[in-house]
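Please read the following report alongside the sequence and the model. It moves from the whole chain to individual residues.

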Amino acid sequence: MHIFADGFTSMSLLNNNLRITLVQGGPDNKAVEAGVLIMPISQAVNFVNGLANGIKKLDEQIKTKTEQPQGSEQ
């Protein structure tokens, strides 16, 4: 399953599960709920750190690619 999200509107903790309400931009720029991400709170820090590290690596790859002179793609 794939869920597209532009952001989130709320987070809550219930029964040791973190619940994050994901949203998409809808008509008239109003947020429309796309789903709820639920994970054990014990995994939240690892999940967020892993996501942040992955995004940093992607950002570095993008910067490296855009800094290459045109015509010298490898």
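## Overall architecture

The model described here is predicted. Its protein chain contains 1 helix and 3 strands, and these elements follow one another along the sequence in the pattern β-β-β-α. With a radius of gyration of 17 Å, well over the 11 Å that the globule rule gives for 74 residues, the protein chain is more spread out than a compact globule. The C-alpha trace spans about 55 × 35 × 20 Å along its principal axes.

Burial is recorded for 12% of the 74 residues of the protein chain. The accessible surface comes to about 6400 Å², and 55% of that surface belongs to carbon and sulfur atoms. Among the contacts in the protein chain with a separation of 6 or more, those between residues 24 or more positions apart account for 11%.

## Helix α1

Helix α1 covers residues 41–67. From its first C-alpha to its last, this helix of 27 residues reaches 40 Å, which is close to the 39 Å expected at 1.5 Å a residue. The helix is hardly covered, since the count of buried residues among its 27 residues is 1.

## A nonpolar patch on the surface

L37, F47, V48, L51 and I55 together form a nonpolar patch on the surface, with about 440 Å² of accessible area. Helix α1 gives the most to this patch, contributing 4 residues.

## The salt bridge

The structure holds 1 salt bridge, which K63 forms with D59, the closest N and O atoms being 3.3 Å apart. Because the two residues are 4 residues apart in helix α1, about one helical turn separates K63 and D59. Both ends of the pair are partly exposed: K63 has a relative accessible area of 45%, while D59 stands at 36% relative accessibility.

T21 has its place in strand β2, which comprises residues 17–25. At 14% relative accessibility, T21 falls under the 20% cut-off and therefore counts as buried. When its neighbours within four places in sequence are left aside, T21 is in contact with G7, F8, T9 and S10 on the one hand, and with E33, G35 and V36 on the other.

Note on methods:
Residues are numbered from 1 along each chain as its sequence is written. This is a predicted model: local features need pLDDT of at least 70, side-chain atom pairs count only at pLDDT 80 or more; totals for chains, interfaces and linings use all residues. Side-chain values use heavy atoms; hydrogens and water are left out. Patches are made of residues with over 30% relative accessible area and no salt bridge: like charges are joined within 9 Å, nonpolar side chains (Val, Leu, Ile, Met, Phe, Trp, Tyr) within 5 Å. Accessible areas come from the Shrake-Rupley method with a 1.4 Å probe; for residues, only the protein chains shown count as cover. A salt bridge is a side-chain nitrogen of Lys or Arg within 4 Å of a carboxyl oxygen of Asp or Glu. Buried means under 20% relative accessible area, exposed over 50%, partly exposed in between (1.4 Å probe, protein chains only). Contact means heavy atoms within 4.5 Å. The expected span of a helix is 1.5 Å times one less than its number of residues. The radius of gyration is taken over C-alpha atoms; the globule rule is 2.2 Å times the number of residues to the power 0.38.
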